[in-house]
Amino acid sequence: MEISPPCTGLSGISSQGRGWTAVSFVGWRLSGLAISAFTLTAITCFTRGLDLRKEREDVLCPANCPLWQFHVYGNGVYASLSSICGAAIHSGVVTSTGGPVRVQSLPGEENYPAVYAKGIQSQALTRWASSFSLSRVKSVALAAAGQPVSTARPSTGKRPKKPLEKKTGNKDCKADIAFLIDGSFNIGQRRFNLQKNLVGKISVMLGIGAEGPHVGVIQASEHPKIEFYLKNFTTAKDVLFAIKEIGFRGGNSNTGKALKFTAQRFFSMDNGARKGIPKIIIVFLDGWPSDDLEEAGIVAREFGINVFIVSVAKPTPEELGMVQDIGFVDKAVCRNNGFFSYQIPTWFGTTKYVKPLAQKLCTHEQMLCSKTCYNSINIAFLIDGSSSVGDSNFALMLEFISNVAKAFEISDIGSRIAAVQFTYDQRSEFIFSDYTTKEKVLTAIRNIRYMSGGTATGEAISFTNKNVFEPVKNGPNKNFLVILTDGQSYDDVRGPAAAAHKAGITVFSIGIAWAPLDDLKAMASEPRDTHTFFTREFTGLEQIVTDVTRGICRDFLDSNQ
């Protein structure tokens with residue numbers, strides 16, 4: 001006896017807030033001589049078990065759901081926050097072509113396992129309040145509905161023989177990432193929660209693990225707050241729960257303040273930052289910032305941090321008048337080349353942006369700010385030891401040199417420091433290869449003894465070029481020469497300085513007291529005004545430490561663009 005299915009009837013009962021629409025697909029099931037009707041509820045790829053309201057319900061999964069977007073917890077029995085269709089594919093009830101699935105609600109459990117199956121990595125979960133299991137809906141005729149019939153075998157309820165647990169993480173995306181989220185009144189509680197969901201999905205997509213990416217979260221509000229550090233969690237499960245627990249703070253966003261705070265304090269070894277790993281801050285911004293981002297962007301670049309800006313719901317033409325600086329994105333990101341900025345029109349429906357954002361964060365060859373001025377330069381200090389300086393002022397010069405050196409990451413594979421003292425003669429105090437730790441360099445600086453004598457700056461530049469820079473001219477680090485002098489040189493400085501420039505050495509000249517400005521500018525690299533400093537008193541050297549270190553970093557960044 002053959003029975004053909006009737007035409008499909010549809011009922012438009014929607015529940016968009018839960019991401020599904022109840023649609024009655026009316027068909028027939030033949031069991032012996034009894035004929036009964038069945039109903040399927042059409043759901044989306046991301047409908048979760050907890051979105052259903054019946055203890056047992058037959059649902060229809062769509063075709064071609066993206067496997068990488070599924071959030072699945074457990075194996076065989078799944079936590080109810082799991083995607084139904086993701087769990088159905090994971091368990092083998094259906095394939096990626098979709099099809100009908102029977103969902104049976106179950107009590108909550110503890111210790112949901114993480115198992116890799118059918119192209120989906122489920123996550124472990126300590127406990128959850130409710131669960132569900134899945135089975136195939138037998139003998140369903142869907143021809144009239146135009147839906148493919150799944151040919152997958154029913155779930156056996158057994159784990160795969162060789163489950164793959166990804167505890168190590170995605171080794172191809174090893175990075176230290178700070179999510180700087182918007183916690184201002186501007187975003188509000190509802191969109192704040194949507195933002196947390198987006199951050200959680202990106203975290204899962206990255207493949208967090210001990211040998212993969214590590215993440216932390218900072219909330220920007222009236223005052224920035226570190227929600228958790230890089231060292232706190234190394235599994236996606238733990239990160240998701242930590243994100244879920246973040247409370248909304250409110251106030252002004254003060255994104256610039258939070259970005260500067262994060263750049264300066266978040267990526268320390270004590271907080272879990274790893275050596276040689278790209279440092280990334282991804283800033284989520286609702287609308288526009290309430291403060292300036294430019295200085296924070298400069299600080300982040302100086303620290304070798306790659307800043308991304310994800311701006312959501314950008315200002316409308318009518319709102320642009322309220323924006324302090326319409327170019328805030330370009331001034332904050334690592335590079336103004338389009339790679340480090342991303343725009344999302346609304347906080348609703350952000351799932352499709354998860355994969356492209358994760359791919360950006362894992363494209364390490366594009367992280368142009370990772371190689372920093374702090375760990376990739378050689379600085380030689382050329383110190384005037386003439387009799388006009390005197391013992392006390394010479395000590396102030398050594399203090400200045402120490403303060404500059406402290407700003408850099410000195411090591412055998414990092415930045416190096418050298419020092420030469422000159423009068424009419426030259427004395428190499430130490431060269432780049434002598435000391436490979438900051439402590440030893442600072443001790444060597446303190447131990448420099450004042451020579452006293454005349455002033456032959458030109459010869460000293462030539463001596464330094466030959467004996468200090470020549471041995472490292474083919475090395476990976478960029479070379480800088482910082483000249484400190486308090487008076488007129490008795491010889492020509494222009495020729496030796498030009499030779500240093502030609503050799504690729506960037507020269508900063510610092511004059512004190514009676515040093516002639518013409519000589520200082522003649523020695524300095526172009527543009528001369530930004531490479532020349534002057535102070536009337538030796539005590540004024542303390543005030544220009546930051547300017548010199550920042551100038552070195554600026555030149556380093558310019559040379560790598």
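Predicted model: local features only at pLDDT ≥ 70, side-chain atom pairs only at ≥ 80, totals over all residues.

Visitor: Which way is the disulfide of C45 and C65 handed, and why?

Guide: The torsion about its S-S bond is about -85 degrees, so the disulfide of C45 and C65 is left-handed. The pair links distant parts of the chain, since C45 sits in the loop between β5 (41–42) and β6 (56–61) and C65 in the loop between β6 and β7 (74–75), 20 residues apart. Here helices (H or I, at least four residues) and strands (E, at least two) are DSSP runs, numbered from the N terminus.

Visitor: Is C45 buried or exposed?

Guide: C45 is buried, with a relative accessible area of 12%, and C65 counts as buried too, at 7%. Buried means under 20% relative accessible area, exposed means over 50%, and partly exposed lies in between, using a 1.4 Å probe and protein chains only.

Visitor: How many disulfides are there by this rule?

Guide: The count comes to four. Another of them joins C61 to C85, with 2.2 Å from S to S, and it links distant parts of the chain, as C61 is in strand β6 and C85 in helix α1 (residues 84–91), 24 residues apart. C61 is buried at 2% relative accessible area, and C85 is buried at 1%.

Visitor: And what about C173, which residue does a disulfide join it to?

Guide: C173 is joined to C362, S to S 2.0 Å, and with a torsion of about -80 degrees about the S-S bond this disulfide is left-handed. C173 lies in the loop between β12 (125–136) and β13 (176–182), whereas C362 lies in the loop between α7 (354–361) and β19 (377–384), 189 residues apart. C173 is buried at 0% relative accessibility, but C362 counts as partly exposed at 22%.

Visitor: New topic: what is the order of strands in the open sheet of six?

Guide: The order is β21-β20-β19-β22-β23-β24, with mixed pairing, and two strands pair if DSSP finds at least two bridges between them. The edge strands, β21 (426–430) and β24 (532–535), each pair on one side only. Within this sheet, β19 and strand β20 (residues 416–422) pair in the parallel sense over seven bridges, and A380 stands opposite A418 in β20.

Visitor: Okay, so which residues have the most contacts inside the largest nonpolar core?

Guide: That core has 66 residues, and those with the most contacts inside it are I177, F179, I202, L206, I281, I282 and F284. A nonpolar core is a set of buried Ala, Val, Leu, Ile, Met, Phe, Trp, Tyr and Cys residues joined through side-chain atoms within 4.5 Å. Apart from it lies another core, of 41 residues, among them I383, A419, V441 and A513.

Visitor: What does I282 touch?

Guide: Not counting residues up to four places away in sequence, I282 touches I177, A178, F179, L180, F308, V310, L357 and L361, where contact means heavy atoms within 4.5 Å.

Visitor: Where is G511 found, and what is it in contact with?

Guide: G511 is found in strand β23 (residues 506–512) and is buried, with a relative accessible area of 0%. Leaving aside its neighbours within four places in sequence, G511 is in contact with T485, L520, F533, F534 and T535. The C-alpha atoms of G511 and E537 are separated by 9.7 Å, although these residues are 26 apart along the chain.

Visitor: Last one, for the whole protein: how many helices and strands?

Guide: The secondary structure comes to 13 helices and 24 strands, and of the 561 residues of the protein, 51% count as buried. Among contacts with a separation of 6 or more, 74% are accounted for by residues 24 or more positions apart.

Terms used:
Residues numbered from 1 in each chain as written. Heavy atoms only, no water. Disulfide = S-S within 2.5 Å.
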